[in-house]
Amino acid sequence: MGSASSGAVGAPDASSAVRGFMAAAKLQSVQSLSLWWGDSQGPTREQMAKDELEKRELIMLKCLKHDRYDVVGEAPATSGARDIVVSVMYRDSENTTHLTVVAGPHNRWYVQDVDLKPLHSVCIA
């Protein structure tokens, strides 16, 4: 998360955005997650009220908690976005989900969306 220490948000490429996002999920940190969550306009934390932002981040953190994860695939998605397929291992469960990663301002990449449905068993644990 070197870009975070320099005050920058987002990542220089799609894979780095996923690594930062998943590292934040491992730490269960809303502050760290907000560095990597965004869209083509930039970080979500600059576009959403703080209370709403934190509620959504807490849900994502609960569902994305993991012991480890592996990126198992990557493909182009619509409008220049990248679809990153991630296998998430938590305790005795392994689930595969998709993260949509997009380029934002200043050539920074953000995780725009996470398919939480495949992670339901972790979300409710």
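Colleague: Is serine 87 buried or exposed?

Modeller: Buried means under 20% relative accessible area, exposed over 50%, and partly exposed in between, with a 1.4 Å probe and protein chains only. Serine 87 has a relative accessible area of 4% and is buried. This is a predicted model, in which local features need pLDDT of at least 70 and side-chain atom pairs count only at pLDDT 80 or more, while totals for chains, interfaces and linings use all residues. Residues are numbered from 1 along each chain as its sequence is written, and side-chain values use heavy atoms, with hydrogens and water left out.

Colleague: Where does serine 87 lie, and which residues does it touch?

Modeller: Helices (H or I, at least four residues) and strands (E, at least two) are DSSP runs, numbered from the N terminus. Serine 87 is in strand β4. Contact means heavy atoms within 4.5 Å. Not counting residues up to four places away in sequence, serine 87 touches Arg68, Tyr69, Asp70, Val72, Glu94, Asn95 and Thr96. To valine 72, 15 residues apart in sequence, the C-alpha to C-alpha distance is 6.6 Å.

Colleague: Which side chain makes a polar contact with the side chain of serine 87?

Modeller: A polar contact is a pair of N or O atoms within 3.5 Å; within protein, one must be able to donate a hydrogen and the other to accept it, and residues adjacent in sequence count only if both atoms are side-chain atoms. Here the partner is glutamate 94, at 2.8 Å.

Colleague: How should I read histidine 66, and where is it?

Modeller: Histidine 66 sits in the loop between α4 (50–64) and β3 (68–76). Its relative accessible area is 7%, so it is buried. A polar atom of the histidine 66 side chain lies 2.8 Å from the backbone oxygen of leucine 64. Leaving aside neighbours within four places in sequence, histidine 66 is in contact with Met22, Ala25, Lys26, Val88, Met89 and Tyr90.

Colleague: What about serine 93?

Modeller: Serine 93 belongs to strand β5. At 19% relative accessibility, serine 93 counts as buried. Beyond four places in sequence, serine 93 touches Val88, Ser121 and Val122. By contrast, the C-alpha atoms of serine 93 and alanine 14, 79 residues apart along the chain, are separated by 26 Å.

Colleague: Which residues have a positive phi although they are not glycine?

Modeller: Most residues other than glycine have a negative phi. Among the exceptions here are glutamine 28, with a phi of about 60°, and arginine 91, with about 55°. Glutamine 28 lies in the loop between α2 (14–27) and α3 (30–36), and is partly exposed at 38% relative accessible area. Arginine 91 is found in the loop between β4 (82–90) and β5 (93–103), and counts as exposed at 66% relative accessibility.

Colleague: What pattern does the chain follow along the sequence?

Modeller: The chain has five helices and six strands, in the pattern α-α-α-β-β-α-β-β-β-β-α. The radius of gyration is taken over C-alpha atoms, and the globule rule is 2.2 Å times the number of residues to the power 0.38. For this chain the radius is 13 Å, close to the 14 Å that the rule gives for 125 residues, so the chain is as compact as a globular protein of that length.

Colleague: How much of the chain is buried?

Modeller: Buried residues make up 46% of the 125 residues. Of the contacts with a separation of 6 or more, 52% come from residues 24 or more positions apart.
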